[in-house]
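Please read each one with the coordinates open.

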Amino acid sequence: MVVAVVALLVAAGGAVAWWALDPDPRDAAKDYFARLADGDAAGALLAVDRRTIGAELSAGSPLLTDAALSDSASRPQAMTITRVVERGDAATMTVRYEANGAAITQTLTAHRRGRAFELENPFVRLSFAHPPAVNATRVTVNGVVLPVASTGAAVAAFPGAYAVAVDSNALFAGRAATAVPGAGGAAAVTLPPPSLSAEGRTNADAAIAAALEQCATKIFQRQPTCPEIKLFDPSEPTSMTPLSAIPLPADARVGTIVVGGSVNIAAQVTRQPACAYTPAADAADHVTFTGTGGVIHWSMQIALPGGTPVPGRSGDTPITPTGKVTIGTDGQLQVTFA
């Protein structure tokens with residue numbers, strides 16, 4: 001009888017040892033999501049195989065932190081495991097959870113490492129439609145500032161829901177969007193296209209006005225950054241007389257060039273054009289514009305050697321500038337004319 005009892009205990013002990021050495025991949029998934037539900041980023045990462053997330057950790061993703069889990073409504077809650085497939089030391093699990101009122105399904109993979117399973121890169125990848133332009137604004141995801149440069153590629157984040165906000169800038173109104181992951185573990189953040197704000201319109205109008213005033217001071221010198229403004233048309237009898245048609249002494253002209261004297265042209269914008277703006281479709285860094293109804297007033301004075309009198313000329317020329325207003329890396333607006 002004693003021998004039988006000992007044999008039974010040995011057998012039972014063997015069963016306990018075998019169970020301890022045969023971990024369940026569900027435990028890694030449960031621990032990972034429980035930590036996320038508590039807002040514990042560092043604890044959640046303990047259930048993850050660090051070798052599979054080296055790139056994300058070395059990049060220092062701001063969305064793999066406690067700060068990114070500060071909003072409890074955005075964290076994954078009520079996680080359940082709906083399917084498990086094990087093949088040797090590997091396992092695939094389908095989990096279902098809720099975040100911000102949405103039901104989300106995600107597939108996880110795990111691998112046995114010693115006496116436990118570890119999850120393999122169980123992150124979501126955020127991508128952005130209509131991403132903001134670099135250096136033009138600020139982007140936050142669940143309240144965490146995200147480097148704008150990173151919005152052009154997929155960004156690693158914990159499972160959950162994502163509230164994205166793009167701040168307003170010198171041209172555009174703020175934008176916002178929400179997103180949750182799809183079954184493939186990717187979340188597409190579809191931001192609304194950029195829209196010019198009332199303040200942005202005022203800023204753009206002022207920038208164009210300043211640029212036109214600068215161009216007016218150089219109107220007799222064709223500037224590559226200024227619109228081409230035709231001051232006069234020889235075919236119009238009421239327009240300014242071109243130099244070649246002004247009666248001058250023979251010694252004061254070589255071809256159509258006045259020599260030995262001076263020609264002074266002054267111009268100023270007397271009516272600023274009214275501009276219609278079109279935001280760029282894919283980036284919030286510029287708008288194109290078309291202006292109508294603008295007027296430049298010019299005057300021309302010619303002085304010849306010996307005091308030969310030459311009547312001055314003046315007139316008004318309509319301007320319809322087109323071009324682009326861009327936010328520079330310094331946050332200032334830059335105007336280029338087509």
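1. Cys215 and Cys226 are both buried. The two form a disulfide in this predicted model, with the sulfur atoms 2.0 Å apart. The structure holds one disulfide. The angle about the S-S bond is -90°, and the link of Cys215 and Cys226 is left-handed. Cys215 belongs to helix α5 (residues 198-216), whereas Cys226 sits in the loop between α5 and β12 (253-254), so the bond ties together parts that are 11 residues apart in sequence. Another cysteine, Cys275, is also to be noted: its relative accessible area is 13%, under the 20% cut-off, so Cys275 counts as buried.

2. Helix α5 can be checked for length. At 1.5 Å a residue, its 19 residues should span 27 Å, and the C-alpha atoms at its ends are 27 Å apart, which agrees. The buried residues in α5 include Gly200, Ala204, Ala207, Ile208, Ala209, Ala211, Leu212, Cys215 and Ala216. On the spacing of such positions, an α-helix has 3.6 residues a turn, so residues three or four places apart point the same way.

3. Overall content: the chain has five helices and 20 strands. Of its 338 residues, 39% count as buried. Among contacts between residues at least 6 apart in sequence, 60% join residues at least 24 apart.

4. The largest nonpolar core has 28 residues, and the members that touch the most others are Tyr32, Phe33, Leu119, Phe123 and Phe158. Helices α2 (25-37) and α3 (41-45) each supply at least two residues of this core, as do strands β2 (90-99), β3 (102-113) and β4 (116-119). A second, separate core has 26 residues, among them Leu196, Ala216, Cys226 and Phe289. As background, nonpolar side chains in soluble globular proteins tend to be buried together.

5. Beyond its neighbours within four places in sequence, Leu119 is in contact with Ala28, Ala29, Tyr32, Ala47, Val48, Asp49, Thr52, Met93, Leu108, Thr109 and Ala110.

6. How many aromatic pairs are there? The count comes to six. One of them joins Phe123 and Phe158 edge-to-face, at 5.8 Å centre to centre and with 80° between the planes. Phe123 lies in the loop between β4 and β5 (124-129) and Phe158 in the loop between β8 (155-157) and β9 (162-166), so this pair ties together parts that are 35 residues apart in sequence. Phe123 is buried at a relative accessible area of 4%, and Phe158 is buried at 2%. Both rings belong to one aromatic cluster formed by Tyr32, Phe33, Tyr97, Phe123 and Phe158.

7. Is Gln106 buried or exposed? With 3% relative accessibility, Gln106 counts as buried because the cut-off is 20%. Gln106 lies in strand β3. A polar atom of the Gln106 side chain is 3.4 Å from the backbone oxygen of Pro122. Apart from neighbours within four places in sequence, the contacts of Gln106 are Met93, Thr94, Val95, Tyr97, Pro122, Phe123, Val124, Pro159 and Ala183.

8. Pro25 lies in helix α2. Its relative accessible area is 0%, and Pro25 is buried. Which residues does Pro25 contact, leaving aside its neighbours within four places in sequence? They are Val84, Glu86, Ala91, Met93 and Phe117. The C-alpha atoms of Pro25 and Ala110 are separated by 6.7 Å, although the two residues are 85 apart along the chain.

9. His286 is placed in strand β16 (residues 286-292). Its side chain makes a polar contact of 2.8 Å with the side chain of Asp285. Setting aside neighbours within four places in sequence, His286 is in contact with Leu171, Phe172, Pro279, Ala280, Lys324, Val325 and Thr326.

Notes
Residues numbered from 1 in each chain as written. Predicted model: local features only at pLDDT ≥ 70, side-chain atom pairs only at ≥ 80, totals over all residues. Heavy atoms only, no water. Core = buried A, V, L, I, M, F, W, Y, C linked by side-chain atoms within 4.5 Å. Buried < 20%, exposed > 50% of the residue type's maximum accessible area, 1.4 Å probe, protein only. Helix = DSSP H or I, 4+ residues; strand = E, 2+ residues; numbered from the N terminus. Contact = heavy atoms within 4.5 Å. Polar contact = N/O pair within 3.5 Å; in protein donor to acceptor, adjacent residues only side chain to side chain. Phe/Tyr/Trp six-rings, centres within 6.5 Å; stacked < 30°, edge-to-face > 60°. Disulfide = S-S within 2.5 Å. Expected span 1.5 Å × (residues − 1).
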